[in-house]
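Welcome, and thanks for taking a look at this model.

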Amino acid sequence: MNVVIPAINWSSIGPELILSLTAMGLLILNVLANQGAKRAIPYLSLAGIAVAFVFCLRLWGGSEYAFHGMVVVDNYSLFFKIIFLLTAALTVLMSIRYLQEEGFEQGEYYILVLFAAVGMMFMASAADLIIVFLGLETFSLSIYVLAGFFRTQPRSNESSLKYFLLGAFSAGFLLYGIALVYGATGTTELKGIYEFARKINLLTDPLLLIGMGLLIVGFGFKVALVPFHMWTPDVYEGAPTSVTAFMSVGPKAAGFAAFLRVFLYSLSSLQTDYVWVLWVLAVLTMTLGNVVAIAQRNIKRMLAYSSIAHAGYILVAMVAASELGTASVLYYLLAYAFMNLGAFGVVILYGRKGEENLNISDYSGMASKHPLLAAAMAIFMFSLAGIPPTAGFVGKFYIFSAAVKAGYIGLAIIGVLNSALSVYFYLRVTVMMYMRNPEKEFAGLILSPAMAIALIIAVFGTLQMGITPSHYLNLARQSILALM
Amino acid sequence: MSQTEFPLLTLIIFFPLLGVATLLFLNKERKETIRWVTLAVALLEFIFSLPLFFNFRLDTAAMQFVEKAPWIPEYGIHYFLGIDGISLFLVLLTTFLTLVSVMACWADIQEKVKGFMICLFFLETGMIGVFVALDLFLFYVFWEVMLIPMYLLIGVWGNPKRRIYAAVKFFIYTMVGSVLMLVAILVLYFHHGAASGIYTFDLLELYKLQVPFPLQFWLFLAFGLAFAIKVPMFPFHTWLPDAHTEAPTVGSVLLAAVLLKMGTYGFLRFSIPLFPNASYQLVPLVSILAIIGIIYGALVCLVQKDLKRLIAFSSVSHLGFVMLGIFALNVQGIEGGVLQMVNHGFSTGALFLLVGMIYERRHTRMIEDFGGLWKQMPIFAAFFMVVTLSSIGLPGLNGFVGEFLILVGTFKATGVYAVVAATGIILAAAYMLWMYQRVMFGELTKPENKVLKDLSAREILVLCCATVFIFWIGIYPQTFLSRMETSVKSYLVQVNAKYQAGLKLQGEEGGRLAQAASAEVGKK
């Protein structure tokens with residue numbers, strides 16, 4: 001084996017470096033600076049995110065391996081990085097006021113968000129299973145802490161502990177899977193695994209078979225596929241709402257980024273062997289997520305089950321596996337970032353310290369008191385339900401068209417029926433907002449400019465991706481060329 | 001295809017949204033201003049739609065007022081609009097009835113007026129879009145978009161007791177049908193792409209595709225389910241009585257007059273020309289369901305105590321006639337069907353308006369609460385009489401022309417169906433006249449009814465709008481039929497040619513299979 005050591009190309013991990021340096025700098029600032037300067041931390045984080053974003057745009061179009069084939073910078077990873085940066089930025093914007101109100105205005109929060117984003121970005125550009133694992137651990141550790149950030153609230157602690165225990169457990173599965181795959185193929189490089197997998201017959205290689213199974217379990221935990229979803233509702237419910245928003249989008253996208261790269265690239269030659277597993281998981285995930293969401297009374301739990309269901313839709317596209325299918329995953333995750341973060345943004349804004357308004361019935365009569373906020377929430381709900389002209393509809397359209405094109409018509413039918421089922425619980429929020437009389441007095445909203453900007457971005461993204469999807473679809477298509 | 005200079009259809013679709021934008025800037029407390037602005041926009045919208053009627057060319061069956069621009073070119077999705085003799089009147093009906101609705105809800109809607117008018121405009125955009133879209137994706141988008149305002153109209157301004165139940169039922173029922181149609185659209189799209197190399201949602205391109213038989217059958221069922229729920233055909237009609245009864249008056253009017261037509265229009269525009277062989281084979285199924293709908297709807301009407309519910313079930317019966325006419329698949333049947341769609345819009349729309357007017361006065365819709373209103377409200381009674389007779393199909397009024405054509409068409413196709421369906425007309429006379437008798441004639445016994453005021457000038461104007469057309473279509477239907485004729489004839493030629501070609505293909509395939517089978521037997 002020829003070992004070629006390429007020159008260390010720092011700029012290829014530029015966005016990650018920038019974010020890491022920003023986070024570390026802020027860490028020091030947080031210790032040294034006085035109270036007034038600490039207030040600048042969220043804005044400085046935003047600045048770091050913006051610079052990283054510009055850096056991502058500059059790298060667009062290239063495709064290169066760096067650090068001895070450990071990371072790869074291609075459009076695929078950059079597309080995901082943009083999703084993570086967007087998610088982090090919106091989360092920061094939505095958190096500022098929320099943390100102040102809850103009395104946990106601490107710089108560490110933003111720093112942890114930045115570190116989590118770094119982990120996710122590494123996961124997206126991983127060209128080696130080791131980097132996948134490192135990225136996963138980096139963002140998971142940050143989010144364990146974030147979930148328990150409201151340290152005086154027992155529910156937040158419970159959420160953090162549950163997520164930590166199950167997360168550690170699932171990381172074990174993933175690591176064991178990586179070890180077995182290494183044992184079978186002799187390499188942890190995704191390229192090497194690809195070369196190896198092309199030549200073998202899966203059924204004759206139990207080691208690889210078990211390894212792949214464990215990988216599916218590991219990724220399944222992170223993206224919350226049924227039956228590995230048990231942690232989701234409790235963790236989502238207990239964590240601070242802004243963290244829930246972050247973790248419902250970021251880790252899911254990161255998980256899928258690596259999941260797709262490992263399974264649709266490295267193991268693509270074995271697709272016919274494992275596809276039925278994904279088929280079954282997709283059906284279970286969509287159906288259970290939607291059915292159980294119907295019974296929820298708490299909006300965070302409902303959105304938790306809805307996020308499980310959405311992982312199911314994305315898995316449908318993975319089953320289809322084609323160019324179209326992969327592109328639709330990217331498109332869908334971006335759309336999902338806008339609409340889900342938007343929905344959580346409304347939940348955050350609508351809550352008050354001591355009066356969180358987390359029951360769906362608390363939304364009764366909201367439209368008459370806060371018409372604009374209710375309209376925004378309605379747009380997010382209709383988008384999550386997949387009704388045009390919103391991003392959610394176009395996303396589902398792409399996913400199901402990929403499934404139909406690949407011949408999985410049965411799966412597409414199960415998918416669309418699920419989507420019709422989901423209309424029920426998304427509609428219930430609009431029923432409450434528009435059709436019921438208020439059950440209690442409304443406290444006035446305290447709308448911070450940051451939150452307003454976040455919601456405007458989310459509404460704009462949700463509608464624009466639904467009305468003129470052409471541009472975004474092209475981006476998604478360009479992004480997956482490297483993978484195919 | 002004639003490409004017009006001015007994007008008239010685009011203007012008609014999106015002008016209501018301009019109205020929405022204007023309304024957003026008005027203070028919601030200034031209800032009177034909001035109403036006048038809405039009226040002005042609706043009137044302008046109707047005026048804008050008139051050139052469609054006057055500039056409509058009678059000598060061509062091609063799509064007119066065509067507009068085409070790429071929307072999502074990677075997918076072959078276009079912003080593609082156009083109308084022919086079949087959709088022309090549905091568009092005009094929509095713009096006209098929206099105008100009437102704005103006048104009709106003047107006194108009825110007192111709360112959240114601004115929101116109501118905004119919903120009305122969104123609904124108008126969606127409805128017109130459905131009728132003029134010639135791209136399957138675009139059609140689907142409008143088809144779904146229109147659900148949201150209707151859902152809000154029922155759910156927010158409906159009858160407080162059961163409005164939410166009715167609104168959610170309406171939404172989910174329609175949604176289930178339409179998502180299956182979405183899968184069918186995708187299957188059709190990829191099949192067309194694989195067969196011809198062109199991936200497109202362009203309806204006129206897709207018309208040219210000969211879908212192989214078993215697939216054609218499934219696609220027909222998937223499209224058919226979505227449309228049958230909307231029509232609604234028996235046994236998918238159960239959402240309709242709830243939605244109609246709980247909706248505010250104007251909601252019921254638009255629901256009956258326009259939304260239901262989307263189902264029948266869908267069969268005409270999509271199911272039959274795309275899948276002619278399946279359509280021909282399934283004529284018995286559709287016709288029998290239509291006849292069951294006619295008779296069942298009529299029988300249920302006989303036992304209704306609630307005026308609105310009675311009219312809702314009469315819609316099931318009337319739409320059964322439309323379906324029967326369309327699936328006669330001949331000129332008379334289809335022309336009758338299209339005309340009956342328009343007729344039903346006017347007569348049932350007017351019936352809902354009348355019930356709404358009396359409900360505003362008495363706050364009840366129960367038949368038993370009325371009786372002898374004739375004395376108290378003579379003008380109301382006169383209008384009610386005309387509309388009732390129109391709904392029954394009295395010669396000289398619009399209902400007669402439509403039903404007559406439908407029955408002629410059906411008789412030419414399958415005599416038995418026509419004979420059985422005709423009993424529906426007798427039943428219609430029974431339930432409508434009996435209802436009229438109980439509400440209008442007899443002694444004026446209830447003290448509450450003795451103080452009822454007759455119609456106001458505004459209400460008379462509203463009803464005149466509808467009655468003018470009831471007489472016009474009844475006396476001189478040629479204005480309308482002549483504009484349909486060319487389109488319907490060439491439509492049938494097209495469908496028939498495709499059907500024959502399909503039969504031939506099927507025959508060949510069947511022959512090949514038979515040969516293969518006999519060869520197999522020969523070997524043994």
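In which helix of chain A is G211(A) found? The answer is helix α9, which covers residues 206–223 of chain A. Please keep in mind that this is a predicted model.

**Around G211(A)**

- Is G211(A) buried or exposed? G211(A) counts as buried, because 24 C-beta neighbours lie inside 10 Å and 20 or more are enough for that label.
- Leaving aside neighbours within four places in sequence, the contacts of G211(A) are G177(A), L180(A), V181(A) and A184(A).
- A179(A) is 32 residues away from G211(A) in sequence, yet their C-alpha atoms are 7.5 Å apart in space.

**Chain A as a whole**

- Chain A is built with 20 helices and two strands.
- Its radius of gyration is 21 Å, close to the 23 Å that the globule rule gives for 484 residues, so chain A is as compact as a globular protein of that length.
- Along the principal axes, the C-alpha atoms of chain A fill a box of roughly 70 × 55 × 40 Å.
- Of the 484 residues in chain A, 60% count as buried.
- If you take the contacts in chain A between residues at least 6 apart in sequence, 80% of them join residues at least 24 apart.

**Where chain B meets chain A**

- How many residues of chain B are in contact with chain A? There are 24 of them, and they touch 25 residues of chain A.
- On the chain B side, the elements giving two or more residues are α5 (136–145), α6 (147–157) and α7 (163–196).
- The largest share of that side, 14 residues, comes from α7(B).
- By residue type, the side of chain B that touches chain A has 20 nonpolar residues, one polar residue and three charged residues.

**A hairpin in chain B**

- Strand β1 (residues 64–72) and strand β2 (residues 77–83) of chain B pair in the antiparallel sense, over six bridges.
- Within this pairing, K68(B) stands opposite F80(B), which belongs to β2(B).
- Together β1(B) and β2(B) form a hairpin, with four residues between the strands.
- Look in the turn for G76(B), which has a positive phi of about 70°.
- As a general point, side chains in a regular strand alternate between the two faces of the sheet.

Technical notes: Residues are numbered from 1 along each chain as its sequence is written. Chains are lettered from A and ligands numbered from 1 in the order in which they are written. Two residues are in contact if their C-beta atoms, placed from the backbone, lie within 7 Å. Ala, Val, Leu, Ile, Met, Phe, Trp, Tyr, Cys and Pro count as nonpolar, Asp, Glu, Lys and Arg as charged, and the others, Gly among them, as polar. The radius of gyration is taken over C-alpha atoms; the globule rule is 2.2 Å times the number of residues to the power 0.38. A residue is buried if 20 or more other C-beta atoms lie within 10 Å of its own, exposed if 12 or fewer, and partly exposed in between; C-beta atoms are placed from the backbone. Two strands pair if DSSP finds at least two bridges between them.
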